[in-house]
Amino acid sequence: MAVQLKRMGIFVKDMKKALAFYRMLGLAIPESADEENHVEVEHNGLRLAVATRESAQVVYGSWEEPSGYRIELAFQCDSREAVDELYRQLTEQGHIGHRGPFDGFWGERYAIVQDPDGNLISLAA
């Protein structure tokens, strides 16, 4: 039996705000998706599903507000300078910076921002 990762999914409070954030990270999501309860987008061979919390209630039978760090989505930037610039753009748009750009001991330029639902999103080069 072969098992393959099908998609990564996140649940969001406000679809429009969430999709605007992910568009800033380069995902091609049509504006018409802002009113949907479930959106899937493929990017570089990976599939990301974004669904409302109401959708979670339908699928899981309930919704409990998560706490703590649950997932990490990491976005690769073209250069170290691009990490700094994207972090600046996101925080200027009001997204919360969790950790400003720094040089990681593992050799990457790294920064972390929060998406509109508090998920930590890594930027790396």
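Q: Which residue in strand 6 is the bridge partner of Arg-99?

A: Helices (H or I, at least four residues) and strands (E, at least two) are runs assigned by DSSP and numbered from the N terminus. Arg-99 has Ile-112 as its bridge partner in strand 6. This is a predicted model, in which local features need pLDDT of at least 70 and side-chain atom pairs count only at pLDDT 80 or more, while totals for chains, interfaces and linings use all residues. Residues are numbered from 1 along each chain as its sequence is written, and side-chain values use heavy atoms, with hydrogens and water left out.

Q: How many bridges join strand 5 to strand 6?

A: Two strands pair if DSSP finds at least two bridges between them. Strand 5, residues 97–103, is joined to strand 6 by four bridges, and the two run antiparallel. Together strand 5 and strand 6 make a hairpin, with five residues between them. In its turn, Gly-107 has a positive phi of about 100°.

Q: How many helices and strands does the chain have?

A: The count is three helices and seven strands. Read from the N terminus, the order of elements is β-α-β-β-α-β-α-β-β-β.

Q: What is the order of the strands in the open sheet of three?

A: The order is 1-3-2, and the pairing is mixed. Strand 1 and strand 2 each have a single partner strand and stand at the edges, so one side of each has no neighbour in the sheet. From one strand to the next, the twist averages 20°; angles run from 0 to 180 degrees between N-to-C directions, along axes fitted to C-alpha atoms (for helices, over the stretch in contact).

Q: Is Thr-52 buried or exposed?

A: Buried means under 20% relative accessible area, exposed over 50%, and partly exposed in between (1.4 Å probe, protein chains only). Thr-52 has 5% relative accessibility, so it counts as buried. Apart from neighbours within four places in sequence, Thr-52 is in contact with Phe-11, Val-12, Met-15, Glu-36 and Asn-37.

Q: Is Asp-78 buried or exposed?

A: Asp-78 sits in the loop between strand 4 and helix 3. Its relative accessible area is 83%, so Asp-78 is exposed. Asp-78 and Gly-118 lie 40 residues apart in sequence, and their C-alpha atoms are 25 Å apart in space.

Q: Which residues touch the most other members of the largest nonpolar core?

A: A nonpolar core is a set of buried Ala, Val, Leu, Ile, Met, Phe, Trp, Tyr and Cys residues joined through side-chain atoms within 4.5 Å. The largest one holds 27 residues, and Tyr-22, Leu-25, Ile-29, Phe-75, Ile-121 and Leu-123 touch the most other members. Elements giving two or more residues to this core include strand 1 (8–12), helix 1 (15–24), strand 4 (73–76), helix 3 (80–92) and strand 7 (120–124). Helix 1 provides the largest share, five residues. There is also a second, separate core of five residues, among them Phe-102, Tyr-110, Ile-112 and Ala-124.

Q: What is Leu-123 in contact with?

A: Leu-123 is part of strand 7. With a relative accessible area of 0%, Leu-123 is buried. Leaving aside neighbours within four places in sequence, its contacts include Leu-25, Phe-75, Val-83, Leu-86, Leu-90 and Tyr-110. Leu-86 is 37 residues from Leu-123 along the chain, with 8.1 Å between their C-alpha atoms.

Q: What share of the residues in the chain is buried?

A: Of the 125 residues, 38% are buried. Among contacts with a separation of 6 or more, 51% are between residues 24 or more positions apart. The C-alpha trace spans about 40 × 40 × 30 Å along its principal axes.

How values were computed
Contact = heavy atoms within 4.5 Å.
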